[in-house]
Amino acid sequence: MSSDAATKDKVVSKGYKYFMVFLCMLTQAIPYGIAQNIQPLFIHPLVNTFHFTLASYTLIFTFGAVFASIASPFIGKALEKVNFRIMYLIGIGLSAIAYVIFGISTKLPGFYIAAIICMVGSTFFSGQGVPWVINHWFPAKGRGAALGIAFCGGSIGNIFLQPTTQVILKHYMTGNTKTGHLISMAPFFIFAVTLLIIGVIIACFIRTPKKDEIVVSDEELAESKKEEELAKAKEFKGWTSKQVLQMKWFWIFSLGFLIIGLGLASLNEDYAAFLDTKLSLTDVGLIGSMYGVGCLIGNVSGGFLFDKFGTAKSMAYAGCMYILSILMMVFISFQPYGSHVSKVAGIAYAIFCGLAVFSYMSGPAFMAKDLFGSRDQGVMLGYVGLAYAIGYAIGAPLFGVIKGMASFTVAWYFMIAFVAIGFIILVFAVIQIKRYQKKYIAEQAQSITK
């Protein structure tokens, strides 16, 4: 590169790079929060309004998750070829259109289509979009922290979006929370406009670096490479994905994670439908807000727990937190409507559940590398995440089926069983894999010395 060309290159300040992180965090807080996090709050009003069964309506989460998973790799490839801002706006537009479809739908197929469009749209600006932006602005040091800050936006958004949603729903509903139904579909249009406006404003500023911008200095790059080399020298290289698929304990581990997904889907998707039968919309909004606080703490503390205590102990802790959270739901199911103790138990549920959220958010990425090594880390992350995704996709409608056949209380008992069995299987498999890993490392070291 000539000296003239070098002088034209502009070194980007840390402040500007963290402004991009803030925009990613804002994306998670509002556009993603509307597209994904508040949808469970609409379950009970819609089920009552259109006389759907809980099992049939909650299939929206299954269809959404499946289609988003299929679309994600294609969106990732498109990001390499299409301007990021255009991709971001496409995602915002799709999610806003989805809310309009929600607002004009009266039959289940309409809601299913809306859910699929909404979740695929959010993949453009969140699932693929946020990491794409962060990875470009932080190609070396600071990437992990930047991603952590960005994805905390979803938890922060929950703190104010959940109660706001309940206030809006209350305004457009009639009857009590048990039998209340919507008198207008206006809430969907309100959120469609909000998502679109906020998304377009963010799109005006969010971007990836230009060709003449230097986002990392030579010194930082050299330091980062040195740290990476030291880390690689110490890390467990691991097995190939083909070798892992031949391991008995990998399949047992995957079975455990799948069963965990069966139990956790209800905690994320059906909690509002249940709490609406026991508490006022205002109280349910407060509990959703506290869930946001719990998730914020859980996401931040998750990395520390994995680093300090390892996979087995961290996941065992998460399992205990989830069991406590479901026990709170069981306790609430025996209380009369509007009981103050139900509100306290609901807040406890939100905190316990939020504290363990790292188990399926940062957990798969950590476990894939910690257990199976760095050799085929990306492929293993896909395998580990797939097991949970399958369980999660089945779990939401399954909860509705059990509730329909028996009651919410019985459904919660089943969820406790799924979570307890799943985490026991997973932790036991983790212990066995780590033992096998130590034996493998010792054998490799012995073969080198020979």
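F19 is partly exposed in this predicted model, with a relative accessible area of 31%. That value is over 30%, the level a patch residue must pass. F19 is one of the residues in a nonpolar surface patch of about 540 Å². Two elements give two or more residues each: α2 (14-37) and α10 (186-203). The largest share, 3 residues, comes from α10. F22 lies in helix α2. F22 is partly exposed, at 40% relative accessible area.

**Around Y16 and R207**

Y16 and F19 both sit in helix α2, 3 residues apart, about one turn of the helix. Y16 has 28% relative accessibility and counts as partly exposed. The side chain of Y16 also makes a polar contact with the side chain of R207, at 3.1 Å. R207 is found in the loop between α10 and β4 (213-214). Is R207 buried or exposed? R207 is buried, because its relative accessible area of 15% falls under the 20% limit. Beyond neighbours within four places in sequence, R207 is in contact with Y16, M20, F84, R85, V133, W137 and E213.

**Aromatic pairs**

A pair of aromatic rings is described by the distance of the centres and the angle of the planes. The count for this model comes to 41 aromatic pairs. Two of them are set out here.

| Pair | Centre to centre | Angle between planes | Class |
|---|---|---|---|
| Y16 and F19 | 6.1 Å | 50 degrees | tilted |
| W239 and Y440 | 5.4 Å | 55 degrees | tilted |

The W239 and Y440 pair links distant parts of the chain, 201 residues apart. W239 is in the loop between α11 (218-234) and α12 (241-245). Y440 is in helix α20 (residues 408-449). Both W239 and Y440 are buried, whereas Y16 is partly exposed and F19 is too.

Which residues do ring pairs link into a cluster? They are F42, F50, F52, Y57, Y99, F102, F111, F188 and F191.

**The whole protein**

The protein has 20 helices and 4 strands. Of its 450 residues, 51% count as buried. Among contacts between residues at least 6 apart in sequence, 83% join residues at least 24 apart. The protein exposes about 20100 Å². Carbon and sulfur atoms supply 68% of that area.

Note on methods
Residues are numbered from 1 along each chain as its sequence is written. This is a predicted model: local features need pLDDT of at least 70, side-chain atom pairs count only at pLDDT 80 or more; totals for chains, interfaces and linings use all residues. Side-chain values use heavy atoms; hydrogens and water are left out. Patches are made of residues with over 30% relative accessible area and no salt bridge: like charges are joined within 9 Å, nonpolar side chains (Val, Leu, Ile, Met, Phe, Trp, Tyr) within 5 Å. Accessible areas come from the Shrake-Rupley method with a 1.4 Å probe; for residues, only the protein chains shown count as cover. A salt bridge is a side-chain nitrogen of Lys or Arg within 4 Å of a carboxyl oxygen of Asp or Glu. Buried means under 20% relative accessible area, exposed over 50%, partly exposed in between (1.4 Å probe, protein chains only). Contact means heavy atoms within 4.5 Å. A polar contact is a pair of N or O atoms within 3.5 Å; within protein, one must be able to donate a hydrogen and the other to accept it, and residues adjacent in sequence count only if both atoms are side-chain atoms. Rings of Phe, Tyr and Trp (its six-membered ring) pair if their centres lie within 6.5 Å; planes under 30 degrees apart count as stacked, over 60 as edge-to-face and the rest as tilted.
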